[in-house]
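Here are some notes to read with the model open beside you. Take the points one at a time and find each spot as you go.

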Amino acid sequence: MRRTIPAALLTVALAATAGCGDSGGGDAGKANAARGPITVWLSNNAEEVAWGKAMVQAWNTQHAEEQITAQEIPAGTSSEEVIGAAITAGNAPCLIFNTAPAAVPQFQKQGGLVALDSFAGATDYITGRTGANAGQYTSPDGKFYQLPWKSNPVMIFYNKKIFAQAGLDPEKPQLATYDQFLAAARKIKSSGAAQAAIYPAPTSEFFQSWFDFYPLFAAESGGKQLLDGGKPQFDSPEGQRVAEFWKTLYDEGLAPKEKYNGDSFADGKAAMAIVGPWAISVYRDKVSWGAVPVPTSAGTPADQVKTFSDAKNVAMYSACQNRATAWDVLKFATSKEQDGALLTATGQMPLRADLPAAYPDHFAKNPAYQGFAQQAARTVEVPNVPNSVAIWQAFRDAYTESVIFGKKPVSDALSAAAEKAEQLAAS
């Protein structure tokens, strides 16, 4: 199953050097005012590459002295490993359109990022474009080292054909509460309509919690992050309920404990999946699908349910010597026109306030995306804290041990993970 996630952030070899970012060595003030050619990196997603090339061509046509050279992020174990190495070597590009929020604290610690607040009007631009959700992307020092770019708000996809075979209503499935979800899952399993009700990856990579526990925790808690002010929020009644819900799915065999080598939803092995809007184009010709918000214990009204954002952002890197040009390119690439082009090309949601109202014609012509556009306003990001990846890994290890494999009581596992997470956040 395709994910817009870093493949192996845990293995990033980040050689922390300076304190906070923004200096980048040399004369930062001079670089901030300088104009000239710049280089940008794009993700290797074909749809994003196509958008990026068109954006660059549109800019270059009008800026003969400030040309952009674009390339895909070089191949490596993960994008973040490549970016971290480039920061260390001092040859990172000016802008990278696919910077993972979870990696920002590490890149900042390396001294690899430019605080966007150093440009006149930047804070107003970012908050004006993204609205209240922009606050989730500030660093502990209160500055923006990333521009919120696009999200893939996570929802539940379900296979209408499998639901019908299991005797469930394929048009109005009852999946809002944990009890309803579990009842549907048991019916799918007992009827033989599918091998699994749902099949999230049961593996231990730190980011896997973004596609099982975290969306439901965001919903159950009314929008809490994993940590707030360095204090874990998941060792709580809300976190316990979410973990116990998933544990029931694993204990009853409704969610398999073995890794599936392929796409279980596309292959008809699982009746449901937790995905973002990217899935629409992927499954359009393979599965007759429907989408609903993630469940909560009490059945929160659909228009109030929150979820994980699965965002990717744009950051400016401190090796950039023509930062005035880079800042103008950043604004150009996230203008309403270019955001609309990105939306059309990729189906991913620009991190704009009131997205449905910004592109009414697009969503009228593409109703499949309307639910995701509405959900985009109610998203929760990963916390921007030191040792972010190590904290997620500590959580995942505890989750895997207790929730998936039942080797430890959930309450004990969450408490131990919370203690470790707080220590990491403070170090």
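**Notes on helix packing and a disulfide**

1. Let's start with a pair of helices: α9 passes α17 in a right-handed crossing. Keep in mind while you look that this is a predicted model. The axes of α9 and α17 (residues 410–426) lie 10 Å apart, and the packing angle is about 130°. An angle over 145° would count as roughly antiparallel and 65 to 115 as roughly perpendicular, so α9 and α17 are called oblique to each other.

2. Now zoom in on where those two touch. On the α9 side you'll find G239, Q240, A243, E244 and K247, and they meet V410, S411 and L414 of α17. Sorted by type, the residues of this contact of α9 with α17 are three nonpolar, three polar and two charged.

3. α9 has another partner, α16. Their axes come within 9 Å and cross at roughly 55°, which makes α9 oblique to α16 as well. Here A243, W246, K247 and Y250 in α9 meet Y399, S402, V403 and I404 in α16. The contact of α9 with α16 is made up of six nonpolar residues, one polar and one charged. Look out for A243 and K247: they turn up in the contact with α16 and also in the one with α17.

4. Next, find α8, residues 213–220. How many of its residues are buried? Eight of eight, so to speak a helix that is mostly covered. Among them are F213, Y214, P215 and also E220. Just after α8, check G222, which takes a positive phi of about 75°.

5. Last, the cysteines. A search of the whole structure turns up one disulfide. A disulfide is a covalent bond between the sulfur atoms of two cysteines. Here the partners are C94 and C320, with their sulfur atoms 2.1 Å apart. The torsion about their S-S bond is about 80°, so this disulfide is right-handed. The pair links distant parts of the chain, 226 residues apart: C94 sits in the loop between α3 and β3, and C320 in the loop between β12 and α11.

6. Are these two cysteines buried or exposed? C94 has a relative accessible area of 7%, so C94 is buried. C320 counts as buried too, at 2% relative accessibility.

Definitions and conventions:
Residues are numbered from 1 along each chain as its sequence is written. This is a predicted model: local features need pLDDT of at least 70, side-chain atom pairs count only at pLDDT 80 or more; totals for chains, interfaces and linings use all residues. Side-chain values use heavy atoms; hydrogens and water are left out. Buried means under 20% relative accessible area, exposed over 50%, partly exposed in between (1.4 Å probe, protein chains only). Helices (H or I, at least four residues) and strands (E, at least two) are DSSP runs, numbered from the N terminus. Axes are lines fitted to C-alpha atoms, for helices over the stretch in contact, and angles run from 0 to 180 degrees between N-to-C directions. Angles under 35 degrees count as roughly parallel, over 145 as roughly antiparallel, 65 to 115 as roughly perpendicular and the rest as oblique. Contact means heavy atoms within 4.5 Å. Ala, Val, Leu, Ile, Met, Phe, Trp, Tyr, Cys and Pro count as nonpolar, Asp, Glu, Lys and Arg as charged, and the others, Gly among them, as polar. A crossing is left-handed if the near helix is turned anticlockwise from the far one by less than a right angle, and right-handed if clockwise. A disulfide is a pair of cysteine sulfur atoms within 2.5 Å.
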